[in-house]
Amino acid sequence: MQTKKSMHGAWANRWMFVLAATGSAVGLGNIWKFPYITGENGGGAFVLVYLVCILLVGLPIMMAEVLVGRRGRESPMNSMRDVALETGSSSLWRFVGGMGAITGFLIFCFYTVVAGWVLYYVAGMGLGQFEGIDRAGSEAIFTKLISSPGTMIIWYTVFVVLTAMVTAGGVNKGLERASRIMMPLLFVLLVVLLGYATTTGSFGESWHFMFDFNFDKLTWGSVLVAMGHSFFTLSLGMGTMMAYGSYMGKKDSIGSTVLMISVLDTLVALMAGLAIFAVVFANGMNAESGPGLMLNALPVAFGNMPGGQLFGFLFFVMVAFAAWTSAISILEPAAAWVVETFGLSRKKTALILGIIGWVLGLGALLSFSTLSEVKIIDMTIFDFLDFFTANILLPLGGLLTSIFVGWFVTPSISRDELALPKAWLYVAWLFVIRVVSPLAVATIFVAQLVEKFG
Ligand code: PHE
């Protein structure tokens, strides 16, 4: 048994870990991204693949990440090094942690842009701009927003500053306090939204779209997106859960905690999807309208339901909040590493990372206007970052982590850290992490490449 402590602090109790990790998992991935990629990839069958990936790939890998973090008690990079050394493996494994910190930065670049949009909608809702709005009006507002770099930069900057402020505060002061009230409230407002969705007359259509498993439309490309999203939505493959795990109490059960986080995260995504597609279908909108889907659809719902201005305002505040608790967690692996490596204070670290992130993110922000002609493999900077991080870098990070934890970390360590209630559960987990998860990720990578270039 080891009783190492993290220099960055520790969660006050088990529930704080659950809250913070759920805060990290539940974010724009659930409310903004999941509906739009489900729309682009034909609905039902895509949703099924996503659910299978959460269960067979996401859940076991989350356990693996948390266990390495808690064992190492340092930033992902240093935890991986220490756990590797403890088990007699190469310290080169630390570069998997390093890759994660960089991936986090790339995600931060486009994530903050979308969060900036959300803040703009918070203001718009607060000012009653969406009262009685129809489809055309709503779409016009979004189009105007993304073609106005000035407006976007303001909200984007506000969001980056908010994120860096929490990063500066560290584990106890920053992350915990931020998560306590907002998460439950988001859930309540989603139920309200879902209630409204049942009155639109298109709830059934939305349900069928999401849960009729029609495999005709499913390509390996879609399977890749579904798998990539299971990493993105659970904050896996880049060290976030490892960093959060490093602040977790030694006695807390990893298995049941991880299960709870995954269930909550999935519920939020499915609820958001059902509500948004009901509004989309009821108003003759296009399910395949890409990253603008949520922001085109929701104002129409809030603009036309009783009390919609208030609910809408609260809802966007919650979405902004969910984005905030996720953005913090995206920076955490890099932040913890900078503090450990250069001995800087959290404040200085947050300032430096915030500035670098802000500058890099401008590329994604401007890719809807000034830089719209700049293409990387046929995608704008924004689309490329979104695609490349979620569908390539995160699954790759997850694949390497599962190989490390499955084959290199000695079973005595993983069994001790996981402390699962039944012996067969551990055996099952070990089999999945050694064979099933890596094979699934590798197969999907290869099949997708063959489909594209074969
Ligand atoms: N899980 C977050 C979301 O769904 C995004 C995220 C990705 C957070 C990777 C941390 C790490 O919005």
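## Around the ligand

In this predicted model, the ligand is surrounded by 15 residues. The closest of them are Ala25, Gly29, Tyr111, Phe232 and Ser235.

If you look at serine 24, you will find a backbone N or O atom 3.2 Å from a ligand nitrogen atom. Glycine 29, one of the closest residues, has a backbone N or O atom 2.8 Å from an oxygen atom of the ligand. With asparagine 30 it is the side chain that takes part: one of its N or O atoms is 3.4 Å from a ligand oxygen atom.

On its own, the ligand has 320 Å² of accessible area, and the protein covers 100% of that. The space that the ligand takes up is the largest cavity.

## The nonpolar cores

Now for the nonpolar side chains. The largest nonpolar core has 147 residues, and Trp117, Phe316 and Trp429 touch the most other members.

Leaving out residues up to four places away in sequence, Trp117 touches Trp32, Phe142, Leu145, Ile146, Met152, Pro291, Leu295, Phe368 and Phe382.

Key
Residues numbered from 1 in each chain as written. Predicted model: local features only at pLDDT ≥ 70, side-chain atom pairs only at ≥ 80, totals over all residues. Heavy atoms only, no water. Core = buried A, V, L, I, M, F, W, Y, C linked by side-chain atoms within 4.5 Å. Buried < 20%, exposed > 50% of the residue type's maximum accessible area, 1.4 Å probe, protein only. Contact = heavy atoms within 4.5 Å. Near = heavy atom within 4 Å. Polar contact = N/O pair within 3.5 Å; in protein donor to acceptor, adjacent residues only side chain to side chain. Areas by Shrake-Rupley, 256 points an atom, 1.4 Å probe, with all protein chains shown as cover. 1 Å grid on protein atoms, 1.4 Å probe; cavity = no way out; pocket = protein on both sides within 12 Å on 5 of 7 lines; lining within 4 Å. Sits in = over half its atoms within 2 Å of the grid points.
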